[in-house]
Amino acid sequence: MRLEVEITGKTYRSAAGETHEVLAPLKFALQSGEIGVLIGPSGCGKSTMLRIILGLDRDFAGHVARPPKARIGMVFQEPRLLPWRSVEQNVRLAAPDASDAKLAELFRILELDAHRSHYPGELSLGLARRVALARAFAVEPDLLVLDEPLASLDDALARRLRDEIATLVASRSVMTLLVTHSLDDAIRLGDRLFFLSPRPARIVQEVPISIPRAERSEAELAGIRVGLASPPLESK
Amino acid sequence: MLRLLSFALFLAIWWIAALFVGGAKLPSPPAVLDVIIAEASSGALFLHLGATLARVALSFVLAMSVGSAIGYLMGRVKLADRLGDPWLILLLNLPALVVIVLAYIWAGLTEAAAIAAIAINKLPTAVVTLREGTRALDRSLDEMATVFAMPRWRAFRHVVLPQLAPYIAASARSGLSLVWKIVLVAELLGRPNGVGFEIGVAFQLFDTPRLLAYSLTFAAVVLVIETALVQPFEARATRWRPRAA
């Protein structure tokens with residue numbers, strides 16, 4: 001399976017009637033088993049790009065080739081859980097085919113066992129994000145899209161969730177697209193990094209990381225980081 | 001407990017007022033109770049109450065289902081909103097009496113005319129409430145349902161309907177009270193039975209005890225339905241909300 005994105009432009013009209021260019025021409029592709037990371041400054045148009053890739057926004061110039069019938073798992077920036085359904089129901093509604101064993105496994109990994117019957121309003125943001133992750137993984141996606149899933153979490157929790165994402169992605173072959181502005185998350189998780197310019201977004205630099213994810217030692221990570229020192233980035 | 005106290009207060013005020021006014025204009029509670037018992041034992045009370053309740057149920061269900069569907073459509077589809085809005089304003093401001101009289105003239109003094117007239121009176125408020133509810137739907141949850149490829153019906157049931165539930169409850173509640181009021185007028189004008197008919201008879205005879213007997217029994221039934229049906233539905237629809245203090 002392969003995801004090909006070729007956007008030649010995206011504009012939108014603001015309430016005041018002005019036309020804004022959100023995305024400049026950009027092109028990239030992603031293979032099964034790969035994690036692509038989109039890195040760029042806030043407001044550069046990453047979320048717009050995701051909406052286009054997911055098929056939520058069809059008003060753009062260009063072409064997105066998603067494998068037909070690809071199952072999509074998505075973690076939005078906000079958890080977007082149904083407040084009137086329990087944690088377990090939220091996951092089951094998105095993934096009706098997931099087996100009990102599979103759900104039990106996910107809830108165990110994400111440490112949600114104690115919260116199965118809670119409503120989202122009773123959860124902290126960190127927990128709600130984990131539920132959103134559980135939901136995205138439960139559908140056994142072919143295309144997994146993570147829009148800043150670790151933003152606004154404390155470092156320890158973010159690190160743990162990042163490891164969990166790595167574990168879950170490694171357990172099955174899936175195209176993953178991760179949006180972040182944390183360089184650290186990017187080089188630990190990504191196979192292919194796409195650095196985006198400020199609005200209108202275009203790809204400034206594409207950096208493949210050849211060392212398999214599991215074998216990246218701290219020293220090698222530091223090396224990658226040094227190699228990336230040039231592009232302008234916002235600190236986390 | 002407080003409700004009981006408040007009810008006792010009502011009885012006390014009534015009783016005292018009856019002592020002052022006295023006689024035919026304002027009978028005391030026991031006098032009204034006698035009439036209620038007499039009417040109940042002859043079966044007439046249940047016949048009339050039953051007829052009225054059946055009309056209420058039918059016209060309420062009709063108005064709620066059709067009104068909710070139209071309201072949802074108008075909230076979702078701009079064209080439907082544009083087309084429907086003038087009708088809605090017309091219906092909202094049309095006096096109930098006009099609708100009832102016209103329905104009886106055009107369709108005869110029939111059951112169908114009565115029920116349709118009552119439903120038409122209730123319809124526009126259901127439309128307006130549900131249209132607002134639909135406009136307030138959370139787009140981001142719709143997107144979530146789309147991304148996860150939820151089938152339409154499941155998305156409607158689990159994503160849309162729970163968001164509309166408070167609006168449906170509000171509309172049901174205000175609608176029920178509207179229907180209660182209008183059904184009596186419709187019965188007074190053109191039906192041979194029902195609480196409205198009995199009240200019409202009592203009015204012609206200036207029979208206050210009978211009038212109070214029917215209207216209070218009716219009010220009691222309304223109260224029971226409100227506490228036994230409407231409130232539990234509301235509580236269920238909002239059970240996921242963190243409890244207010």
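1. Pro200(A) is placed in the loop between strand E9 and strand E10 (203-208) of chain A. In this predicted model, the peptide bond that leads from Arg199(A) to Pro200(A) is cis, and its omega is near -5°. That deserves a remark, because most peptide bonds are trans.

2. Strand E9 of chain A, which covers residues 192-196, contains Leu196(A). Is Leu196(A) buried or exposed? Leu196(A) has 25 other C-beta atoms within 10 Å and is therefore buried, the cut-off for that class being 20 or more. Leaving aside residues up to four places away in sequence, Leu196(A) touches Leu38(A), Ile39(A), Gly40(A), Cys44(A), Lys46(A), Ala201(A), Ile203(A) and Val204(A). A further separation can be given for orientation: Glu148(A) is 48 residues from Leu196(A) in sequence, and the two C-alpha atoms are 15 Å apart in space.

3. Arg58(A) belongs to the loop that joins helix H1 (46-53) to strand E5 (61-65) in chain A. Arg58(A) counts as exposed because it has 8 C-beta neighbours inside 10 Å, and a residue with 12 or fewer falls in that class. Between Arg58(A) and Leu157(A) there are 99 residues of sequence separation and 36 Å of space, taken from C-alpha to C-alpha.

4. The next point concerns the two chains together. Contact between them involves 16 residues of chain A and 15 residues of chain B. On the side of chain A that touches chain B, the elements that give two or more residues are strand E6 (72-75) and helix H2 (87-94) of chain A. By class, the residues on this side of chain A are twelve nonpolar, one polar and three charged.

5. Which residues touch the most other members of the largest nonpolar core? That core has 111 residues, and the ones in question are Val37(A), Ile39(A), Val131(A), Ala134(A), Ala117(B) and Ile118(B). One of them, Ile39(A), is also among the residues touched by Leu196(A). Ala117(B), for its part, touches Val99(B), Ile100(B), Ala103(B) and Ala186(B), when residues up to four places away in sequence are not counted. As general background, nonpolar side chains tend to be buried together in soluble globular proteins.

6. Chain B has ten helices and zero strands, and its pattern along the sequence reads α-α-α-α-α-α-α-α-α-α. The C-alpha trace of chain B spans about 70 × 50 × 30 Å along its principal axes. Chain B has 245 residues, of which 32% count as buried. Among the contacts in chain B with a separation of 6 or more, 73% join residues 24 or more positions apart.

7. Helix H8 (residues 152-190) and helix H10 (residues 208-237) of chain B pack with their axes 9 Å apart and at an angle of about 170°. H8(B) is therefore roughly antiparallel to H10(B), since angles over 145 degrees are classed in this way. From H8(B), the residues Ala165(B), Pro166(B), Ala169(B), Ala172(B), Arg173(B), Leu176(B) and Trp180(B) take part; they meet Val222(B), Val230(B), Phe233(B), Glu234(B) and Ala237(B) of H10(B). This contact of H8(B) with H10(B) comprises ten nonpolar, no polar and two charged residues.

8. Ala149(B), in the loop between helix H7 (139-147) and H8 of chain B, has a phi near 50°, a positive value in a residue other than glycine. Phe206(B), in the loop between helix H9 (195-204) and H10 of chain B, also has a positive phi, near 50°. These values are pointed out because most residues other than glycine have a negative phi.

9. Finally, the confidence of the prediction. The model scores ipTM 0.85 and pTM 0.80. Chain A has an average pLDDT of 85, with 97% of the residues scoring at least 70. Within chain A, H2(A) is the element with the highest mean pLDDT (94), and helix H7 (residues 218-227) of chain A is the one with the lowest (77). In chain B the mean pLDDT is 90, and 98% of the residues reach 70 or more.

Notes:
Residues are numbered from 1 along each chain as its sequence is written. Chains are lettered from A and ligands numbered from 1 in the order in which they are written. This is a predicted model: local features need pLDDT of at least 70, side-chain atom pairs count only at pLDDT 80 or more; totals for chains, interfaces and linings use all residues. Two residues are in contact if their C-beta atoms, placed from the backbone, lie within 7 Å. Helices (H or I, at least four residues) and strands (E, at least two) are DSSP runs, numbered from the N terminus. Ala, Val, Leu, Ile, Met, Phe, Trp, Tyr, Cys and Pro count as nonpolar, Asp, Glu, Lys and Arg as charged, and the others, Gly among them, as polar. A nonpolar core is a set of buried Ala, Val, Leu, Ile, Met, Phe, Trp, Tyr and Cys residues joined through C-beta atoms within 7 Å. Axes are lines fitted to C-alpha atoms, for helices over the stretch in contact, and angles run from 0 to 180 degrees between N-to-C directions. Angles under 35 degrees count as roughly parallel, over 145 as roughly antiparallel, 65 to 115 as roughly perpendicular and the rest as oblique. pLDDT is the predictor's confidence in each residue, from 0 to 100.
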